[in-house]
Amino acid sequence: METKLPRSVPKSLLDVWEKHEKIAMHFNDLIIKVRIQALGAITAVVTVGSVLLRTVPPETRLLWGLLSSMFAMLFLFWIAIWVLDFLYYNRLLLGAVDSLLELEKAINSGNEIKLSMSHRIEDAVLGKQLTHIAKGTYWGPRLFYLIVTVVLFSGMAYSCARFLCLCHDV
């Protein structure tokens, strides 16, 4: 949704708005990079792991033990990335966006301009309720993390089950 600023807005306010917009976009770019690089790291580890595991004879405890360990490690790594994203980076973005929306509303209505981006970001990082952010904005990122989490957990559970079955048979 594009915000149209009134023609009477002074250039100094447009400059302030542009700075706020750049900060919000910086945080957005940062989050996207973290998510893509984390997914790439998991893909690389799985690829290298699968190549290395081809040297291990199938249906051995060693193979399934290594697979269990690899999936458990990747699962924990993915949870750590989620924590970093949702409890820090995403909150930085939401605080910046909340401040930007407040600034746009004040400019468009002609109200007094209060520069509060630092306070909005701080509030977001501390988990306080933001004024202008709609509920439900997390569905896309939640689904992204959920899908990969389910795949990693399923791989870990299956590998552990196979490992335990082979251990039990001995």
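In which helix of the protein chain is confidence lowest, and in which is it highest?

1. Confidence in the model. This is a predicted model, and within the protein chain the mean confidence is lowest in helix H3 (residues 117–125), at 82, and highest in H4, at 90. For the protein chain as a whole the mean pLDDT is 84, and 92% of its residues reach 70 or more.

2. Helices H1 and H4. Helix H1 covers residues 11–53 and helix H4 covers residues 139–169, and the two pack with their axes 12 Å apart, at an angle of about 10°. Angles under 35 degrees count as roughly parallel, and H1 and H4 are therefore described as roughly parallel to each other.

3. Residues where H1 meets H4. On the H1 side the contact involves Arg35, Leu39 and Ile42, while on the H4 side it involves Pro141, Phe144, Tyr145, Val148 and Leu152. Sorted by class, the contact of H1 with H4 has 7 nonpolar residues and 1 charged residue, with no polar ones.

4. A search of the whole structure finds 8 aromatic pairs. One of these 8 aromatic pairs joins Trp78 to Phe144, with 5.6 Å from centre to centre and 55° between the planes, and this pair is classed as tilted. Trp78 belongs to helix H2 (residues 61–109) and Phe144 to helix H4, so that the pair links distant parts of the chain, 66 residues apart. The two partners can also be described by their accessibility: Trp78 is buried, because its relative accessible area is 0%, whereas Phe144, at 25% relative accessibility, counts as partly exposed.

5. Trp82 and Phe86 form a stacked aromatic pair, with 5.2 Å from centre to centre and 20° between the planes. Both of these residues, Trp82 and Phe86, lie in helix H2, where they are 4 residues apart, which is about one turn of the helix. Trp82 is partly exposed, with a relative accessible area of 33%, whereas Phe86 is buried, with a relative accessible area of 7%.

6. How the rings are linked. Ring pairs link Trp78, Trp82, Phe86, Phe144 and Tyr145 into a cluster.

Conventions
Residues numbered from 1 in each chain as written. Predicted model: local features only at pLDDT ≥ 70, side-chain atom pairs only at ≥ 80, totals over all residues. Heavy atoms only, no water. Axes fitted to C-alpha atoms, helices over the stretch in contact; angles between N-to-C directions. Parallel < 35°, antiparallel > 145°, perpendicular 65-115°, else oblique. Contact = heavy atoms within 4.5 Å. Nonpolar A, V, L, I, M, F, W, Y, C, P; charged D, E, K, R; others polar. pLDDT = per-residue confidence, 0-100. Phe/Tyr/Trp six-rings, centres within 6.5 Å; stacked < 30°, edge-to-face > 60°. Buried < 20%, exposed > 50% of the residue type's maximum accessible area, 1.4 Å probe, protein only.
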